[in-house]
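Work through the exercises below with the sequence and the model open. Try each task before reading its solution.

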Amino acid sequence: MRKFGLIGHPLKHSFSKKFFSEKFEKEGLGNCQYELFDIDGISKITQVIRENPELEGLNVTIPYKEQVIPYLDEMEPGCRVIGAVNTVRIKNGRLTGFNTDYYGFKESLSKWLDGRQPGALILGSGGASRAVKQALADLTIPYLMVSRQKTKVPGSVDYSDLVADRRYLDEHHLIINTTPLGTFPNIAEMPPIPLEYLTDQHLVYDLVYNPATTLLMESAADRGALTKNGHEMLILQAEASWGIWNRAPDADK
């Protein structure tokens, strides 16, 4: 039996298990299974691998996309630039890290923007934001980070800055939420951006996919903004993970 899985915490409402289980059934891959490994500390990844010798690959989600790096034997060059990993291939006892969040987000955003290049505000500074930053840079879209504490991210602003000076939203028409705020079951939460500054010129891309319409998306749409959730990105990154797990290691080069 070929085994794959997801590590993170918490994993109660994971997309990955449903996606891969349905994929395996649809494609007649009866020799494959996908499991959830809800671990309360990244050090337990070694236990997961030891207790599941059939594991060929792992997806990595919040809060371990950065914390997993010291446990890897190697990473693709792009991961070193991004500084976060969401896919691990296990081959001959070696763990190799990849970032398919980057690919999924870049492809999804590029198609949605359809040639537009608005300045972007990235909400959040965790592992997902790193892939988003690199994708925006490669699409030559200027961006500014927004974090709860700007001192932690040099060159960033915090949410109070957005409230104090509406020019941030006037000059950045693309807003990307990389935080988990608004994810089920905490659907009444959203990043504290000043909604009164949003217009029909804004585009809001929320990486959250459950619920399909977050409070942030609903509130932005009420102001005339276009909105998109993270479902398409998830499908693209999951398929990219599957491709990595099934190709020969020398094909990485």
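**Exercise 1. Find the residues with the most contacts inside the largest nonpolar core.**

Solution. The largest nonpolar core has 24 residues. A nonpolar core is a set of buried Ala, Val, Leu, Ile, Met, Phe, Trp, Tyr and Cys residues joined through side-chain atoms within 4.5 Å; buried means under 20% relative accessible area, exposed over 50%, and partly exposed in between, with a 1.4 Å probe and protein chains only. Phe105, Leu109, Leu136, Leu174, Ile176, Tyr205 and Leu207 have the most contacts inside this core. Two or more residues each come from helix 4, strand 7 (120-123), helix 5 (127-138), strand 9 (174-177) and strand 10 (203-206). Helices (H or I, at least four residues) and strands (E, at least two) are DSSP runs, numbered from the N terminus.

This is a predicted model, in which local features need pLDDT of at least 70 and side-chain atom pairs count only at pLDDT 80 or more, while totals for chains, interfaces and linings use all residues. Residues are numbered from 1 along each chain as its sequence is written, and side-chain values use heavy atoms, with hydrogens and water left out.

**Exercise 2. List the contacts of Leu136, leaving aside its neighbours within four places in sequence.**

Solution. Contact means heavy atoms within 4.5 Å. By that rule Leu136 touches Phe105, Leu109, Ala120, Ile122, Ile141, Tyr143, Leu174 and Ile176. A second, separate core has 18 residues, including Ile45, Met75, Ile90 and Leu95.

**Exercise 3. Describe how helix 4 (residues 100-113) crosses helix 9 (residues 231-246).**

Solution. First, the axes come within 8 Å and cross at roughly 135°. Axes are lines fitted to C-alpha atoms, for helices over the stretch in contact, and angles run from 0 to 180 degrees between N-to-C directions. Next, this angle makes helix 4 oblique to helix 9; under 35 degrees counts as roughly parallel, over 145 as roughly antiparallel, 65 to 115 as roughly perpendicular and the rest as oblique. Finally, the residues in contact include Tyr103 and Phe105 of helix 4 and Met233 and Leu236 of helix 9.

**Exercise 4. Is Asn229 buried or exposed?**

Solution. Asn229 lies in the loop between strand 11 (226-228) and helix 9. Its relative accessible area is 17%, so Asn229 is buried. Leaving aside neighbours within four places in sequence, Asn229 is in contact with Tyr205, Asp206, Val208, Ala212 and Met217.
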